[in-house]
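Open the structure in your viewer and keep the selection panel at hand.

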Amino acid sequence: MAASTTATPGAIPGNPASDKIAPKRLIAFLIMVFGMFMSILDIQIVSASLSEIQAGLSASSSEVSWVQTAYLIAEVIAIPLSGFLSRALGTRMLFAISAAGFTLASLMCGFTSSIEQMILWRAIQGFLGAGMIPTVFASAYTVFPRSKFHIVAPIIGLVATLAPTIGPTVGGYITDALSWHWLFFINVVPGIGITIGVLALVDFDEPHLELLDHFDWWGLGFMAGFLGSLEYVLEEGPRNDWFGDTSIAIFAVVCVVCCIGFFWRVLTAHEPIVDIRAFTDRNFALGSMFSFCIGIGLYGLTYLYPRYLAEVRGYSALMIGETMFVSGVAMFVMAPIVGRLMTKVDLRYLIALGLVLFATGTWQMTWITRDYDFYELLVPQILRGMGMMLAMVPVNNIALGTLAPDRLKNASGLFNLTRNLGGALGLALINTALDDRTDFHISRLHDKVTWGNAAAVEMLNNFTQKFQGLGDAPLMALKQLNQIVHRQAVVLSFGDSFFLLTFFYLALSTLVLLLNKPKNAASSDAH
């Protein structure tokens with residue numbers, strides 16, 4: 001790790017030369033962290049309650065999915081933009097605008113009476129709230145001295161991983177206790193408090209409003225077209241036969257064209273909207289790659305577990321939330337442990353251990369049956385929580401903790417973008433794998449369930465006797481047997497998806513050797 005890239009606290013206006021953290025700055029940072037928590041939580045908080053929102057707004061299943069998609073598309077466009085805006089407006093003003101806008105959009109989401117209004121306000125909520133996420137990461141690695149990174153890094157790592165993990169849990173509880181409207185109303189009071197707190201306490205840097213004179217509107221347009229189309233294709237592709245759907249094919253072309261335009265602008269513009277030169281730093285580039293891959297598992301399992309519990313076990317939103325809470329507890333417990341280990345152990349070993357633990361948890365799920373319940377999911381979820389924290393926190397530190405302060409704001413946006421894009425790609429691949437493997441297993445099971453199979457014939461006869469007098473007993477028995485076959489095929493496809501994740505993360509664990517050996521937080525000086 002080159003000494004020239006070490007983040008020097010002295011380069012940040014007002015940062016004390018000593019290792020002592022001023023209480024005012026710590027309080028301001030914790031307020032910002034809570035804002036980031038709200039923004040990330042809102043990605044998943046509605047996922048367990050989409051059916052209630054659909055009923056409340058009289059929407060179709062395809063329309064209500066846009067409650068999620070609109071937020072994600074808007075967020076993925078805003079996250080890299082935040083680097084430029086943070087330099088131009090300053091951390092204080094950008095974060096206050098983001099928090100206030102997010103709060104207002106949350107209020108309007110709760111008051112909506114149509115699906116069109118909901119989609120609009122969710123997009124605004126995602127776009128404005130996204131600015132809080134990379135701003136916290138950048139602040140963590142510029143405001144605090146290097147010797148305190150082992151304290152700060154677990155805090156932001158915990159929030160970044162815990163918020164999407166417990167999102168379904170929190171959403172399930174709120175919807176069950178109150179109504180889906182309160183998924184949004186609950187943001188209002190904290191959002192006002194965060195806005196006021198940031199305006200009063202944050203003084204990390206100074207705005208450079210002259211940068212707005214060179215704002216690259218073409219770059220923004222190309223970036224919005226590139227990232228927005230990419231997110232749309234990844235979200236809608238598995239549901240609509242990928243490029244067999246006309247709209248997905250069109251957006252794929254738009255994505256490619258805008259991608260070319262975007263990279264042309266960021267390489268030639270006087271003041272590019274995103275500075276991609278951060279990727280010339282080896283550890284940042286590799287850290288972003290690991291963040292992308294970790295995002296696949298972070299969001300992938302937050303999707304896989306609830307889907308299994310809903311489709312196979314028939315759990316309600318609240319029951320899913322209670323089952324998923326185990327991973328959140330494991331992450332919370334691991335955060336301070338990871339902080340301590342970062343001062344004593346090579347960060348690369350921590351990442352490798354985290355990825356192996358994660359893979360172990362998914363490996364145990366490859367044997368999944370339709371009877372898997374809370375206790376069967378307990379150990380895999382604990383391993384998932386432990387592994388995610390052990391991998392994510394050191395990756396954050398390696399990627400951002402070694403960059404020069406003047407590059408951090410842009411780099412933080414890019415780094416957080418990689419995690420979200422990894423999650424989007426992971427969900428697309430997992431959905432595609434589930435569909436393809438379900439069809440495969442149905443075909444295989446249909447070959448087995450024939451008139452020559454004594455067990456199948458006996459089960460069919462038992463169902464026929466059971467439905468006698470209730471209608472067309474033979475037809476009802478066939479439908480019942482077909483449902484059993486389909487359910488078993490679905491369960492087998494879940495096992496296959498967990499196996500793919502196991503193989504992927506074991507392979508990824510070997511790539512930590514590509515990282516330059518970083519210094520431990522305790523052994524790093526602050527000069």
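What percentage of the 527 residues in the chain is buried? Buried residues make up 58%, where buried means under 20% relative accessible area, exposed over 50%, and partly exposed in between, with a 1.4 Å probe and protein chains only. This is a predicted model, in which local features need pLDDT of at least 70 and side-chain atom pairs count only at pLDDT 80 or more, while totals for chains, interfaces and linings use all residues. Residues are numbered from 1 along each chain as its sequence is written, and side-chain values use heavy atoms, with hydrogens and water left out.

**Whole chain.** Colour by secondary structure: there are 18 helices and 0 strands. Helices (H or I, at least four residues) and strands (E, at least two) are DSSP runs, numbered from the N terminus. Of the contacts (heavy atoms within 4.5 Å) between residues at least 6 apart in sequence, 85% join residues at least 24 apart.

**Helix H4.** Select residues 66–111. The ends of H4, taken at their C-alpha atoms, are only 17 Å apart, whereas a straight helix of 46 residues would span 68 Å at 1.5 Å a residue; that expected span is 1.5 Å times one less than the number of residues. Centre the view on Gly 90, where H4 has a kink of about 115°. The bend at a residue is the angle between axes fitted to the seven residues ending there and the seven starting there. H4 is largely enclosed by the rest of the structure, because 36 of its 46 residues are buried.

**Gln 381.** Next, select Gln 381 in helix H15 (residues 374–400). Gln 381 counts as buried because its relative accessibility is 1%. Show its surroundings: beyond neighbours within four places in sequence, Gln 381 contacts Tyr 305, Thr 323, Met 324, Val 326 and Ser 327.
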